Amino acid sequence: MTHTYNITGMTCNGCVAKVKSALLKMGDITEAEVQLQAPQGKITMQNHIPTDTLQAALTQAGNYTITSADCGMAHAVTGATEDNRSWVEIYKPILLIFGYLPGITLLVEYMNEGFSLMRWMNNFMAGFFLIFSFFKFLNLKGFAESYAMYDIVAKRWNGWGYVYAFLELGLGIAFLIGFDPVITNAAALVIMSISIIGVLQSVLNKRKIKCACLGDVFNLPMSTLTILEDVIMIVMSGTMLVMMR
């Protein structure tokens, strides 16, 4: 069931992010569309949640007030709000990236006249972090706000999204120039392991929220594909650490 609400007290996109994050933390809410224009909230829930309960959650997030805009009547989700694109169309940007990266890095190995697994993984990770950080920097503020919807650190500190984008850029450069492999791979392993926690929670709870892996440029829903991205980087960094022992 979906209800619409008026939410007062929001003055910027940061407020929108806080309100949406507070709502999505509630167990029965599967989707929350929040905006500054009235009606500011459209909330989809598995079981009806009283407005007083919603208000209690928003009070913890800030000085926000929520009131029903549809007199408690449920609205069916219309076809206009559904994404009728195929899976391939939705995830085309990520599929292209993961097509280009192996292709280019394997071509580098071919030009070196000898395949080195260590060198290939190093180049792959350099490309991964540089490409993904690039898209985040196209709209750094938008990425930080989207990331705060599900990342366990960004939920508690809004600045983490900004720091994360620079960490990705730094890791990309470190892999590219061959900076201390142990430190670089250990940092990648820790950062990606932290990142995957929020992704797993969102996917397992079936929350329909936007994935911020490519910043705020593409409207990509959170899915198992997002988990796969993080798993690949965790496995690669862990493998290289083991191979260096």
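Predicted model: local features only at pLDDT ≥ 70, side-chain atom pairs only at ≥ 80, totals over all residues.
Me: Which residues of helix 6 are buried, and what do they pack against?

Reply: The buried residues of helix 6 are Leu-140, Gly-142, Phe-143, Ala-144, Glu-145, Ser-146 and Tyr-147. They pack against helix 1 (13-24), helix 5, helix 7, helix 8 and strand 5 (210-211).

Me: How many helices and strands does the protein have, and what share of its residues counts as buried?

Reply: The secondary structure consists of 9 helices and 6 strands. The protein has 245 residues, of which 43% count as buried. Its C-alpha atoms fill a box of roughly 70 × 35 × 30 Å along the principal axes.

Me: Why is Ile-43 called buried?

Reply: The term buried requires a relative accessible area under 20%. Ile-43 has a value of 0%, and therefore it is buried. This residue belongs to strand 3 (residues 41-45).

Me: What is Ile-43 in contact with, leaving aside its neighbours within four places in sequence?

Reply: With those neighbours left aside, Ile-43 is in contact with Met-1, Thr-2, His-3, Tyr-5, Leu-23, Ile-29, Glu-31, Leu-54 and Ile-66. Gly-161 lies 118 residues from Ile-43 in sequence, and the two C-alpha atoms are 25 Å apart in space.

Me: What makes Val-203 count as buried?

Reply: The relative accessibility of Val-203 is 18%, and the cut-off for a buried residue is under 20%. Val-203 therefore counts as buried. The residue is found in helix 8 (residues 181-204).

Me: Which residues is Val-203 in contact with, leaving aside its neighbours within four places in sequence?

Reply: Those contacts of Val-203 are Met-222, Ser-223, Thr-224 and Ile-227. Pro-221 is 18 residues from Val-203 in sequence, with a C-alpha to C-alpha separation of 9.8 Å.

Me: How do helix 7 and helix 8 cross, and which residues meet?

Reply: The axes of helix 7 (residues 160-177) and helix 8 come within 10 Å and cross at roughly 145 degrees. The crossing is left-handed. On the helix 7 side, Tyr-164, Leu-167, Leu-171, Ala-174 and Phe-175 take part; on the helix 8 side, they meet Thr-184, Asn-185, Ala-187, Ala-188, Ile-191, Met-192 and Ser-195.

Me: How do you know whether Glu-109 is buried or exposed?

Reply: A residue is buried under 20% and exposed over 50%. Glu-109 has a relative accessible area of 3%, and so it is buried. Glu-109 lies in helix 4. Not counting residues up to four places away in sequence, it touches Gly-114, Phe-115, Ser-116, Arg-119, Trp-120 and Asn-123.

Me: Why does Glu-113 count as exposed?

Reply: An exposed residue has a value over 50%. Glu-113 has a relative accessibility of 76%, and it therefore counts as exposed. Its place is the loop between helix 4 (92-111) and helix 5 (117-138).

Me: What is remarked about the phi of Glu-113?

Reply: Most residues other than glycine have a negative phi. Phi of Glu-113 is near 55 degrees, a positive value in a residue other than glycine.

Me: How far apart are the mean positions of the positive and negative charges of the protein?

Reply: The mean positions of the 16 positive and 17 negative charges are 3 Å apart.

Note on methods. Residues numbered from 1 in each chain as written. Heavy atoms only, no water. Helix = DSSP H or I, 4+ residues; strand = E, 2+ residues; numbered from the N terminus. Buried < 20%, exposed > 50% of the residue type's maximum accessible area, 1.4 Å probe, protein only. Lys, Arg positive; Asp, Glu negative; His and termini not counted. Charge placed at Lys NZ, Arg CZ, Asp CG, Glu CD. Contact = heavy atoms within 4.5 Å. Axes fitted to C-alpha atoms, helices over the stretch in contact; angles between N-to-C directions. Left-handed = near helix turned anticlockwise from the far one by under 90°.
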